[in-house]
Amino acid sequence: MNYAVTRNAGHRFRARALLALAFCAAFATPAFFATAAGPASTVEVKIAKFVFEPKEITIAPGTRVVWTNGDETPHTVTSNDKSFASKGLDTDDKFEHVFSKEGDFGYICTVHPFMTGVVHVRK
Amino acid sequence: MSKHDSDGSGHNPARRQALSCLASWTGAAVVWTVAGGVPYALGATGSGTPAAAAPDALTFVQISDTHIGFRKPANPDIVGSLRRAIAEINALPQAPAFVVHTGDVSHLSKPEEFGQAREILQELRVDRVHTVPGEHDTIDEGVTGYLKYFDHDGNGKAWYSFDQGGVHFVGLNNVLNFKAGTLAALGDEQLAWMKTDLARVSSSTPVVVLGHIPLWTIWEPWGWGTADSAQAMALLRPFGSVTVLNGHIHQVLQKVEGNIALHTAMSLAYPLPTPGEAGIGEPGPVTVPAGELGKLLGTRQLSLVRGSHELALIDKPLAG
């Protein structure tokens, strides 16, 4: 598990040993490939107008997800199972988390619990 | 005691006396009064000679949503807005008994924001400032960070009660205890405490409840409500006079349920949109033209006359 809050920081890529597998296409998402020697994929989620966009994503294990708060109001990215949680994100603050295990990870903004999102991690 | 005016007109002498002093300093503010749980506007006030308040009247001031730490175009100088309000409160002809702050003291729950807020609030020339937490005060570590600066009774809870001037005051924390996708809530522990606390108060005692998020559902898509407010209302219903003072929505709205009058207050930081306003899908800060901001920020003064169920409210913009 690896996560951190970064402010306007560039993305850090890290090699991940992964089998080359196309992953779940249940939502017809673009296929991401992670090769044994290549960098982990990164998926961006924007927070804008009190909505996680996209609200629902499907990724392969080892994928890094980066959330960026575009609102003037602070938000958090807090998983329902407490496996990841950001600090309060001010405008343009980022939070990232690498999903190593398969599963469905629902999350909310604890400041505005009506804001919900989910990350599906599939091989 | 009757909960209603003898003639139903709301113009009985006692309240007029209580209001006269309040009207005198407010300039163009609107005077609100509550009789038997029914609030209505008495009209815009004009300038006049300050008069003495009724000798047994309890007067206090509500401020809300100071958002110390906010630095955006909607209000680049929130500290200045707070200091301006403090100057007006300190200049009142009769000092209020205390000031209540109905939450969102800070913007990001940072220790330096709480520290700065506490320091500035000490400029108020009143005995005490009673605060309740807003959701901006509980972002990173629940209510823990807030309580390091604003633990009023030392109980390590963000809820408390006190009695002053014949009125029972209850401060609540309704910004936690949420489940994903729902409104925040008071939670069972706090409701149990509230039940025990109110059990020792006679039903003829006026009750004033402080809570950040409105205790009625104003606009659920924006989280403008409290999930278990119905249980709190049930505990308050036996009382003859209940006034609920909320913040959170940065604008004045009111609702009456029987003897329970609920009021939200203006912010001292920035305006928020009208709930459900066409074209605005989210409750983000609204940037208004220069010169307009002061009209949308403000304070509220409240006056209660002992032995009466009546409560006078004046919402005072920072700039008329």
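Visitor: Which residue in β8(A) is the bridge partner of T78(A)?

Guide: I108(A) in β8(A) is the bridge partner of T78(A). Before going on, note that the model is predicted: local features need pLDDT of at least 70, side-chain atom pairs count only at pLDDT 80 or more, and totals for chains, interfaces and linings use all residues. Residues are numbered from 1 along each chain as its sequence is written, while chains are lettered from A and ligands numbered from 1 in the order in which they are written.

Visitor: How many bridges join β6(A) to β8(A)?

Guide: Strands of a sheet pair through backbone hydrogen bonds, either parallel or antiparallel. Here 2 bridges link β6(A) to β8(A), residues 103-108, and the two run antiparallel. Two strands pair if DSSP finds at least two bridges between them; strands (E, at least two residues) and helices (H or I, at least four) are DSSP runs numbered from the N terminus.

Visitor: In what order do the strands of the open sheet in chain A stand?

Guide: The order of the 4 strands is β4-β9-β8-β6, with mixed pairing. β4 (56-59) and β6 (78-79) of chain A are at the edges with a single partner strand each, so one side of each has no neighbour in the sheet.

Visitor: And which strands form the open sheet of chain B?

Guide: That sheet has 6 strands in the order β6-β7-β8-β9-β11-β10, again with mixed pairing. Its edges are β6 (160-164) and β10 (254-257) of chain B; each has a single partner strand, so one side of each is left without a neighbour in the sheet. Chain B as a whole has 7 helices and 13 strands.

Visitor: How does β9(B) pair with β11(B), parallel or antiparallel?

Guide: β9(B), residues 242-246, pairs with β11(B), residues 260-264, in the parallel sense over 5 bridges. T243(B) stands opposite A261(B), and N246(B) has T264(B) as its bridge partner.

Visitor: Which residues of β9(B) point which way?

Guide: In a regular strand the side chains alternate between the two faces of the sheet. V242(B), V244(B) and N246(B) point one way, T243(B) and L245(B) the other. β9(B) is largely enclosed by the rest of the structure, because 5 of its 5 residues are buried (20 or more other C-beta atoms within 10 Å of their own; 12 or fewer is exposed, in between is partly exposed, with C-beta atoms placed from the backbone). By this count 49% of the 320 residues of chain B are buried.

Visitor: Which residues have the most contacts inside the largest nonpolar core?

Guide: V209(B) and L210(B) do, in a core of 71 residues. Such a core is a set of buried Ala, Val, Leu, Ile, Met, Phe, Trp, Tyr and Cys residues joined through C-beta atoms within 7 Å. A second, separate core of 23 residues includes F52(A), W67(A), F105(A) and I139(B).

Visitor: What is L210(B) in contact with, leaving aside neighbours within four places in sequence?

Guide: Its partners include V100(B), H130(B), F169(B) and L245(B); contact requires C-beta atoms, placed from the backbone, within 7 Å. Between the chains, the contact takes 19 residues from chain A and 21 residues from chain B.

Definitions and conventions. Two residues are in contact if their C-beta atoms, placed from the backbone, lie within 7 Å.
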